[in-house]
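Here are a few friendly notes to read alongside the model. Keep the 3D view open and find each residue as we go.

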Amino acid sequence: VVSKYTQFSTLPHSDLVRILIEMGTIGILIYLFFFLSVFFISFSDFVKKKFTLSDAVFFAIFTMYAILSIGTNTFYHVVTSGYMFCCFGVWHKMRELDISKREAG
């Protein structure tokens, strides 16, 4: 795809450029929206002091994944991205369980 739509024959070393080439502007906007929404939801909880130790750990994992994804093709490797999305799902479920526990007790 890269050699067909650009003047370069090798793959870019950035997930952002790769997604832009392969999926277009809409693809890159969805990708960035996902990361920014996770970041801002987590950051707002940190500011409001509504977080647990697991939130801090998952946020650190998420931040490192986002930083690595900017400069390398981390997202491209299905093994890595699959584990990360499962990790995000576990994080979300743990947050919801914590919220329901706070409301009940």
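**Notes on the cysteines, a pocket and one aspartate**

1. Let's start with the cysteines. Searching the whole structure, which is a predicted model, turns up 0 disulfides. As a reminder, a disulfide is a covalent bond between the sulfur atoms of two cysteines.

2. A disulfide would need the two sulfur atoms within 2.5 Å. Cys 87 is likewise in no disulfide.

3. Now look at how these two neighbours sit. Cys 86 has a relative accessible area of 51%, so it counts as exposed. Cys 87 has 15%, so it counts as buried; the cut-offs are over 50% for exposed and under 20% for buried.

4. Next, the largest pocket, with a volume of about 230 Å³. Its lining includes Phe 34, Ile 41, Trp 91, His 92 and Arg 95. Helix 2 (15-47) and helix 4 (78-104) are the elements that each give two or more residues to this lining, and helix 4 gives the most, with 6. Sorted by class, the lining residues are 6 nonpolar, 3 polar and 2 charged.

5. Finally, find Asp 98 in helix 4. Is Asp 98 buried or exposed? Its relative accessibility is 17%, so Asp 98 counts as buried. Its side chain makes a polar contact of 2.8 Å with the side chain of Arg 102. Thr 52 lies 46 residues away along the chain, yet the C-alpha atoms of Asp 98 and Thr 52 are 8.7 Å apart.

Conventions
Residues numbered from 1 in each chain as written. Predicted model: local features only at pLDDT ≥ 70, side-chain atom pairs only at ≥ 80, totals over all residues. Heavy atoms only, no water. 1 Å grid on protein atoms, 1.4 Å probe; cavity = no way out; pocket = protein on both sides within 12 Å on 5 of 7 lines; lining within 4 Å. Points joined across faces, edges and corners; volume = space filled by probe spheres on them. Helix = DSSP H or I, 4+ residues; strand = E, 2+ residues; numbered from the N terminus. Nonpolar A, V, L, I, M, F, W, Y, C, P; charged D, E, K, R; others polar. Buried < 20%, exposed > 50% of the residue type's maximum accessible area, 1.4 Å probe, protein only. Polar contact = N/O pair within 3.5 Å; in protein donor to acceptor, adjacent residues only side chain to side chain.
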